Amino acid sequence: MAAGIAEVAARGGIRAIIRARSDASIASALKQISGGLARQVEKGKLEASERDRILANISSTTELAGVADCDIIIESVVEDLDTKQTLFRELDAIAKPSAILATNTSTLAVVEMAKVTKRPDQVCGIHFFNPAAVLPLVEIVRPITASDNTISRAAAFVAAIGKEGVHVLDRAGFIVNALLFPYLNNAVRMLEDGTASMEDIDTAMKGGCNFPMGPFALLDLVGLDTSLSILETLHSSFGDDNFAPRPRLRELVAQGRLGRKTKAGFYVY
């Protein structure tokens, strides 16, 4: 996700710095960006000069201090609250006083990250969707601690990079995932009950609802571990059985079949 966010910022003329803990992670992110842009040039969808401009706006660092002078810092680490809180404490200590600290979390309470900093009024959610370089929507999440200025600056950033921002309060799942994941979870329930095959469920939702992909293909794209984490958070927050992760999803995650990123999930790639 970090690579996609950096690419869209760079496209919008904003200097983007990718920070990762290892040179290998940085190399992978830069390869993803340059490879995607190269394919667009080959297909005639992007001028070579535009590709070069985008890449020139992207730099990288393995040091957290390397982002200290950024106006907006967006974290996109694992969906684990303890991990994110630790990172926010570290960012709060090194970021310049005016910087906004934003999270790309898809489900976790933003206020729980804000409260471990000394600038809770400058913390918000800026939630991109995968793949960030393609999907136009960004959720701008307002915790109760955020100032009007922080939300205005976040919205201006989203507009500057050509994305469509929607405003939402800091509630589990925000807008999209709170509506999407009961649907995905109930597709797994339908498969478990033997109502229809996985392939036919996907075909039905594409042909009947004009969705670009069916629920199982989408779960594999999101990542089954990420999907499980989102459902657990939603179930814990709302107590609704529609959010209780289905056994088949748990089984696949336990087997290490996490979707496209491991070449196997509900489908094999």
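# Salt bridges and cysteines

Arg53 is partly exposed, with a relative accessible area of 30%; buried denotes a relative accessible area under 20%, exposed over 50%, and partly exposed the range in between, computed with a 1.4 Å probe on protein chains only. The model is predicted, so local features need a pLDDT of at least 70 and side-chain atom pairs count only at pLDDT 80 or more, while totals for chains, interfaces and linings use all residues. Residues are numbered from 1 along each chain as its sequence is written, and side-chain values use heavy atoms, with hydrogens and water left out.

The side chain of Arg53 forms a salt bridge with that of Glu50, a term that requires a side-chain nitrogen of Lys or Arg within 4 Å of a carboxyl oxygen of Asp or Glu. Both residues belong to helix H3 (residues 48-56), where they are three residues apart, about one turn of the helix. Helices (H or I, at least four residues) and strands (E, at least two) are DSSP runs, numbered from the N terminus. Glu50 is likewise partly exposed, at 25% relative accessibility.

In total, the structure holds 14 salt bridges. Three of them are tabulated with their N to O distances.

| Salt bridge | N to O distance |
|---|---|
| Glu50 and Arg53 | 2.6 Å |
| Lys84 and Glu79 | 3.4 Å |
| Lys96 and Asp69 | 4.0 Å |

A salt bridge also joins the side chains of Lys96 and Asp69. Lys96 lies in the loop between helix H4 (81-94) and strand E4 (100-103), and Asp69 in the loop between strand E2 (58-61) and strand E3 (72-75), so this pair ties together parts that are 27 residues apart in sequence. Lys96 is partly exposed at 21% relative accessible area, whereas Asp69 is exposed at 60%. Through salt bridges with shared partners, Asp69, Asp71 and Lys96 are joined into one network.

Are the partners in the bridge between Lys84 and Glu79 buried or exposed? Both Lys84 and Glu79 are buried.

The cysteines complete the account. The structure holds zero disulfides, a disulfide being a pair of cysteine sulfur atoms within 2.5 Å. For Cys70, the closest cysteine sulfur is that of Cys124; the two sulfur atoms are 15 Å apart, which is too far for a bond. Cys70 counts as buried, because its relative accessibility is 17%. Cys209, by contrast, counts as partly exposed, because its relative accessibility is 40%.
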